[in-house]
Amino acid sequence: MADNKKPAGFELEGENIHWDVDMSYAEYLNLDQVLSAQKPQSGKHDEMLFVIIHHVMELWMKQTMHELTAARKHINENSLEPSLKMFSRIDRILKQMTGVWEVLTTMTPVDYLEFRDGLGKSSGFQSYQFRVLEFTLGNKVKDLIKVHESNPTAYGLVKGALEAPTLYDDVLGLLKKRGFDIPEEVMGRDFTEKYQANVKVKEAWFAIYSDTEKYWDLYALAEKLMDFEHNFLIWRYHHLKTVERIIGGKMGTGGSSGLPYLAKGLEAKIFPELLDVRTEL
């Protein structure tokens, strides 16, 4: 009988490959869990793509929040150089996420209809990671936390993001520390409400953009924020166009209005004075 025991190691073109190690590649990555997480319900060919697309999106959102949390810590510590690298990484991630929609556009309306009914009321509208990201960027709508009431863990995370300062609040706090006249009505505002543009904040950005040599790190941060907003909205736009291509004007599976809801997200200004100051320069 042949000995099927896995060898402790073997030579391959000069490489000494070892199996008798404490942790393998698959174990380190928990591949058993990752690759068994895709469980299409219909048995239709294209549902696997649909599931994997959304798993990929959730993983990239997790990494985005990981980078954003670290970047905010550096901003609050008045240490901008490390945060700039993290924003550069987020920029690349958002471009990857936008590219994912290109893969989904290979799915035709007929392909999707073969398994859409099996999704029930599940919808990307219910993604708590996206809601936390959206709230962190300032697009806060209080009623949206109700979507997550049935999941206490998700509800706690979303509610926490609703009540907490946003990325932009952290940046404005930094400007105040640097001596700019950021009004108390901005610093002490109700964080559960959407931020409203303020003329004093615009004046602060105007001063920074008018003397970039003096305020170079703040100027660099401002442009990274603009990259973030630009690429985030491009990602949302491609989401809208992909949905339009596949389901047209149908309602979303979770009960959202579909295209009108997605289009509304494109109207949000994440860092309003950074856009307004361009008119003043």
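User: Taking axes as lines fitted to C-alpha atoms, for helices over the stretch in contact, at what angle do the axes of helix α3 and helix α8 cross?
Analyst: This is a predicted model, and in it helix α3 covers residues 47–76 while helix α8 covers residues 167–177. Two packed helices are described by the angle between their axes and the distance between the axes. For α3 and α8, the axes come within 9 Å, and the crossing angle is roughly 15 degrees.

User: Are α3 and α8 roughly parallel or roughly antiparallel to each other?
Analyst: Angles under 35 degrees count as roughly parallel, whereas those over 145 count as roughly antiparallel. The axes of α3 and α8 cross at roughly 15 degrees, and the crossing is left-handed. Because that angle falls under the 35-degree cut-off, the two helices are roughly parallel.

User: How many nonpolar residues does the contact of α3 with α8 have?
Analyst: On the α3 side, the contact is made by L68, R72, I75 and N76, and on the α8 side by L167, D170, V171, L174 and K177. Sorted by class, these include 1 polar and 3 charged residues, and the number of nonpolar residues is 5.

User: Is I75 buried or exposed?
Analyst: I75 lies in helix α3, and, leaving aside residues up to four places away in sequence, it touches L80, S83, F87, L167, D170, V171, L174 and L221. A residue counts as buried when its relative accessible area is under 20%. The relative accessibility of I75 is 0%, so this residue counts as buried.

User: What handedness does the crossing of α10 and α13 have?
Analyst: Helix α10 (residues 199–210) and helix α13 (residues 272–280) pack with their axes 9 Å apart and at an angle of about 60 degrees, and they are therefore oblique to each other. In this contact, V201, K202, W205, F206 and Y209 of α10 meet E273, L274, D276, V277, R278 and E280 of α13. These residues divide into 6 nonpolar, no polar and 5 charged. The crossing of α10 and α13 is right-handed.

User: How far apart are the end C-alpha atoms of helix α11?
Analyst: Helix α11 runs over residues 216–247 and has 32 residues, so at 1.5 Å a residue it should span 46 Å.

User: In which loop does N78 lie?
Analyst: Most residues other than glycine have a negative phi. N78, although not a glycine, has a positive phi of about 60 degrees, and with a relative accessible area of 37% it is partly exposed. Its place is in the loop between α3 and α4 (80–104).

User: What is the relative accessibility of N30?
Analyst: N30 lies in the loop between α1 (25–28) and α2 (31–35), and its phi is positive, near 50 degrees, in a residue other than glycine. N30 counts as partly exposed because its relative accessibility is 41%.

User: What percentage of the residues in the protein chain is buried?
Analyst: The protein chain has 13 helices and 2 strands, and its C-alpha trace spans about 80 × 55 × 35 Å along its principal axes. Among contacts between residues at least 6 apart in sequence, 68% join residues at least 24 apart. Of the 281 residues in the chain, the buried share is 41%.

Key:
Residues are numbered from 1 along each chain as its sequence is written. This is a predicted model: local features need pLDDT of at least 70, side-chain atom pairs count only at pLDDT 80 or more; totals for chains, interfaces and linings use all residues. Side-chain values use heavy atoms; hydrogens and water are left out. Axes are lines fitted to C-alpha atoms, for helices over the stretch in contact, and angles run from 0 to 180 degrees between N-to-C directions. Helices (H or I, at least four residues) and strands (E, at least two) are DSSP runs, numbered from the N terminus. Angles under 35 degrees count as roughly parallel, over 145 as roughly antiparallel, 65 to 115 as roughly perpendicular and the rest as oblique. A crossing is left-handed if the near helix is turned anticlockwise from the far one by less than a right angle, and right-handed if clockwise. Contact means heavy atoms within 4.5 Å. Ala, Val, Leu, Ile, Met, Phe, Trp, Tyr, Cys and Pro count as nonpolar, Asp, Glu, Lys and Arg as charged, and the others, Gly among them, as polar. Buried means under 20% relative accessible area, exposed over 50%, partly exposed in between (1.4 Å probe, protein chains only). The expected span of a helix is 1.5 Å times one less than its number of residues.
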